[in-house]
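This text walks through one protein model. Look at the sequence and the fold before reading on.

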Amino acid sequence: MTYSVAVSGASGYAGGEILRLLANHPDIEIRTVTAHSNAGQKLSEHQPHLRSLAHLTLQDTTPETLAGHDIVFLALPHGQSGQYTDALGDVPLVIDAGADHRLTSQSAWDAFYGGAFHEPWTYGVPELLVGGAKQREQLRGASRIAAPGCNASTVSLSLAPGVAAGVIDPSDIVTVLAVGPSGAGKSLKTHLLGSEILGSANPYAVGGSHRHIPEIRQALAAASGAAPDGIRISFTPVIVPMARGILATSTAPIAPGVTDAEIRAAWESAYGDETFVQMLPEGSLPRTADVLGANTALLGLAIDRAANRVVVVAAVDNLVKGTAGAAIQSMNIALGLTETTALSINGVAP
């Protein structure tokens, strides 16, 4: 069966990456691409690398344009998806790459986003531990999927095995992330100009203000079965001069009486059979260069007994495993297709 697809926000980074991956999917027909201010222009003017889709023209993003497809991907700024999802009840599968349907707590939404709160959808991180199982079980047959925040899923995948196994203390998590500016979208912003970021590392959303914090707390609480209030995290992202990528270094205290072997076993048992989330051998740490263009999260684990903390270093491509790849992987699961279809574990080098 071939599924017809519409992609909104197709002129942006996330929308473009969804299209790049879907273009190689044997079960997908990309029928419609939409935008707001760029509507009426050729897709190739904004995504010139997508040569196989150069014949498409961007249409207006309206419920009427998006309706009538088997699958709709929404790659819109946070707070804009909800106005469309409410009107797409007849579309069999809708996948939102924005934040509108990620959070289960309205108070968390109000505190970090504001505006209208929309019902939470099935979370699109298949490998995430949830109550002793994997999130992919909840994705099977899902009709509404919330793709993750790239920073949030990177940190959550980094720490969920330790939280679920009780080998780390989730009340004192510290994570620092080096992130590429593509995660902030394609809109013109002065602080993301090349002249501002080249040769510099720039922290932002410091002091507990980053919008992905409640998403991480929600995911780790689901992994442990605890309340989100029991998850405390100091989260500091830093923009660095690489177009793509996240390198997240996350640490948490070791639980009393836990051995090194038990710590490593928690992560190895969680991800030993996974295709797209891979643990590196002891003593090895990942680089963002190794996941460029891949739907792969590479994790390196170190045990710092002097500080009594576990250190997990994770590398992902924020536009693939962090966003578009996670959305398409979740789509494959929901439709009963082979999970790896159109997704690669191999990066691009140099």
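Two strands count as paired if DSSP finds at least two bridges between them. The strands themselves (E, at least two residues) and the helices (H or I, at least four residues) are DSSP runs, numbered from the N terminus. The model is predicted, so local features need pLDDT of at least 70 and side-chain atom pairs count only at pLDDT 80 or more, while totals for chains, interfaces and linings use all residues. Residues are numbered from 1 along each chain as its sequence is written, and side-chain values use heavy atoms, with hydrogens and water left out.

Seven strands make up an open sheet with parallel pairing, in the order 3-2-1-4-5-9-6. Its edges are strand 3 (58-60) and strand 6 (122-123), each of which pairs on one side only. Inside that order, strand 5 (residues 93-96) and strand 9 (residues 144-146) are joined in the parallel sense over three bridges. Val-94 stands opposite Arg-144 in strand 9.

A UniProt record, an unreviewed entry, annotates residues 4-136 as "domain: Semialdehyde dehydrogenase NAD-binding"; such annotations are given in the numbering used here, with feature names shortened, and may be inferred rather than shown by experiment. This span is 20% helix and 23% strand, and its end C-alpha atoms lie 23 Å apart.

Next come the pockets. Rolling a probe the size of a water molecule over the atoms shows where empty space is left. On a 1 Å grid over the protein atoms alone, with a 1.4 Å probe, a pocket is an open set of points with protein on both sides within 12 Å along at least five of seven lines, and lining residues have an atom within 4 Å of a point. A volume is the space filled by probe spheres set on the points, which are joined across faces, edges and corners.

Where does the largest pocket lie? Domain 1 (3-147 + 322-335) and domain 2 (151-316) both give residues to its lining, so the largest pocket lies between them; the domain bounds come from an automatic or database assignment. The largest pocket holds about 1100 Å³ of space. Its lining has 43 residues, with Pro-77, His-78, Gly-183, Ala-184 and Gly-185 nearest the centre. Helix 1 (13-22) and helix 6 (150-165) each supply at least two lining residues.

The second largest pocket has a volume of about 320 Å³. Among its 19 lining residues, Tyr-13, Pro-181, Ser-182, Gly-185 and Lys-186 lie nearest its centre. Both domains contribute to this lining, so the second largest pocket also lies between them.
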